[in-house]
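Subject: Handing over a structure, with notes

Hi,

Here is the structure I promised to pass on to you.

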Amino acid sequence: MFVNKTKLPHLLLPEHYSSQSQYEVEMEAMFRPQWHWVGSLHDAPGDGDFFTRELFGVPILVRNHQGAYHCFLNVCPHRHSTLSSECSGNSPTLKCQYHGWGFNVDGSSGRIPDAKNFRPMSGGPECLKKFALAVHGPLIFVSLDPSCPPLTEQFAPFASVTDEFSSDRWAHAETWHYDFPANWKVVAENTVESYHLESVHTDSFRFEPEDAIEHEIHDGGTIMRATIKSSPWSTRFSNWVTTQIQPGCSPQYRMHHLFPHLFLMRTDVMLQVMVLMPTSPTTCRVTVSVFVLRREHETIWSKWLTRFWGRVKTSAVKKILAEDASLYPGIQTGMEHSPFKGCVSTREELVHALQNHVAEKCGLRSEASRDEVPVRVDAPVSNEGGR
Ligand code: FES
Ligand SMILES: [Fe+2]
């Protein structure tokens, strides 16, 4: 069931998908002040394990300290070296790779080699810069903005997707990246609409009839629920695998979009996570991870089945994303030359919800939004069936 009953305006103009000024506004108003999915518990599973990343050019280091995760700016206060240049590793203590300054879990400096030569140290020893970190299910999030509201607030309507099972039940299958030649909104809008499935994913990804699709629109994102169309054989096989791993697990497809850039997809015993990071006005980097549930009491057989299902699901997701990827250059080219306003159907209403979020955050109100006011299902429609 859809939220709206009538077609919707295309709130963003084509130029909003390629302009440098729009890109800069989005970065300041939407992306930098946001929580970002930077990795998963399996990236640093043991005490002292760490991984490093770049978040919008800012080097960060995430470290597991006795099972708790902490995030630091990956820069040493002594003479500015990165603490570690490795993508991941293990160190018994948090220590700079250059002169070996040690740091405590709160970022305060610990052992400083030859410390007497730093006397007097005005204002006390230097500290690492620490960033906010939150864990949801198997996922680790970081915010560079100290004033960012708690992730739990933003996550509330979507929490069931990660809270349904304890984080250690999720086995990581694979993580991979794409660099797409398209504005991030091209990819995001394509991800949240099911209208293109029939023409683009003819053999790989279809839903049961559209009246079986359910949409929810929240302030912080959207949810789509649908039933995936598959052959009787494939449905039977999938149900059998699911029953082996988690009896009673819902086979329904659920896609949670947390504005602006995070997607959590659940179906049977699989969790797919996808994040879009803008890299320029016309390019973005996409990171995807697939997780599969472990059986509560694992056996050799169930471990094998979880690994097997991870490979099956990963390969299905890659096929679908490759089909979408083949469209992005054409959509981006069209955006850069379009004289049209565009329009959005009720089936594409989650695209409208994202555009509305972007327009509000960026202070945009296009001509289109003044022309047409959508009608929601719970409102009376005077010209039902009209165009
Ligand atoms: S730069 Fe880190 S200890 Fe010198
Ligand atoms: Fe698609």
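**Confidence**

Please keep in mind that this is a predicted model. The average pLDDT of the protein is 90, and 93% of the residues score at least 70. A stretch to treat with care is residues 381–387, where pLDDT stays under 50 and the model has 3 contacts beyond four places in sequence. Where pLDDT is low, the predicted coordinates should not be read in detail.

**Two domains**

The domain assignment divides the protein into domain 1 (1–32 + 166–378) and domain 2 (35–147). Their C-alpha centres are 33 Å apart. Between them, 10 residues of domain 1 are in contact with 10 residues of domain 2. On the domain 1 side, β11 (170–180), β16 (270–280) and β17 (283–293) each contribute at least two of the touching residues. By type, that side of domain 1 has 6 nonpolar residues, 3 polar and 1 charged.

**The sheet from β2 to β6**

One open sheet has 7 strands in the order β2-β10-β9-β5-β4-β3-β6, paired antiparallel. At its edges are β2 (35–40) and β6 (88–90), each of which pairs on one side only. Neighbouring strands here are turned against each other by 30° on average, ignoring direction. Within the sheet, β4 (residues 58–65) and β5 (residues 68–73) run antiparallel and are joined by 6 bridges. If you want a pair to click on, Val62 has Cys71 of β5 as its bridge partner.

**The sheet from β11 to β12**

There is also an open sheet of 7 strands in the order β11-β17-β16-β15-β14-β13-β12, again with antiparallel pairing. Its edges are β11 and β12; each has a single partner strand, so one side of each is left without a neighbour in the sheet. The twist from one strand to the next averages 15°.

How many of the 6 residues of β13 are buried? The count is 5 of the 6 for β13 (residues 221–226), so this strand is largely enclosed by the rest of the structure.

**A helix pair**

Helices α4 (residues 184–192) and α9 (residues 349–362) pack at an angle of about 145°, and their axes are 8 Å apart. From α4, the contact uses Lys185, Ala188, Glu189 and Val192, while α9 supplies Leu350, Val351, Leu354 and Val358. These contact residues divide into 6 nonpolar, no polar and 2 charged.

**Leu197**

Leu197 sits in helix α5 (residues 197–200). Is Leu197 buried or partly exposed? A residue needs 20 or more other C-beta atoms within 10 Å to be buried, and Leu197 has 19 C-beta neighbours inside 10 Å, so Leu197 counts as partly exposed. Leaving aside residues up to four places away in sequence, Leu197 touches Phe205, Arg206 and Phe207. Its C-alpha atom is separated by 20 Å from that of Val286, which is 89 residues away along the chain.

**Backbone details to look at**

Most residues other than glycine have a negative phi, and most peptide bonds are trans. Here are the places that depart from this.

- The peptide bond from Phe259 to Pro260 is cis, with omega near -5°. Pro260 belongs to the loop between β14 and β15 (262–267).
- Phe56 is not a glycine, yet its phi is positive at about 50°. Phe56 lies in the loop between β3 (49–55) and β4, and with 12 C-beta neighbours inside 10 Å this residue counts as exposed.
- Asp114 also has a positive phi, near 55°. Asp114 is in the loop between β8 (102–103) and β9 (130–136), and is exposed, with 8 other C-beta atoms within 10 Å.

Happy to go through any of this with you.

Best wishes

Definitions and conventions
Residues are numbered from 1 along each chain as its sequence is written. Chains are lettered from A and ligands numbered from 1 in the order in which they are written. This is a predicted model: local features need pLDDT of at least 70, side-chain atom pairs count only at pLDDT 80 or more; totals for chains, interfaces and linings use all residues. Domain bounds come from an automatic or database domain assignment. Two residues are in contact if their C-beta atoms, placed from the backbone, lie within 7 Å. Helices (H or I, at least four residues) and strands (E, at least two) are DSSP runs, numbered from the N terminus. Ala, Val, Leu, Ile, Met, Phe, Trp, Tyr, Cys and Pro count as nonpolar, Asp, Glu, Lys and Arg as charged, and the others, Gly among them, as polar. pLDDT is the predictor's confidence in each residue, from 0 to 100. Two strands pair if DSSP finds at least two bridges between them. Axes are lines fitted to C-alpha atoms, for helices over the stretch in contact, and angles run from 0 to 180 degrees between N-to-C directions.
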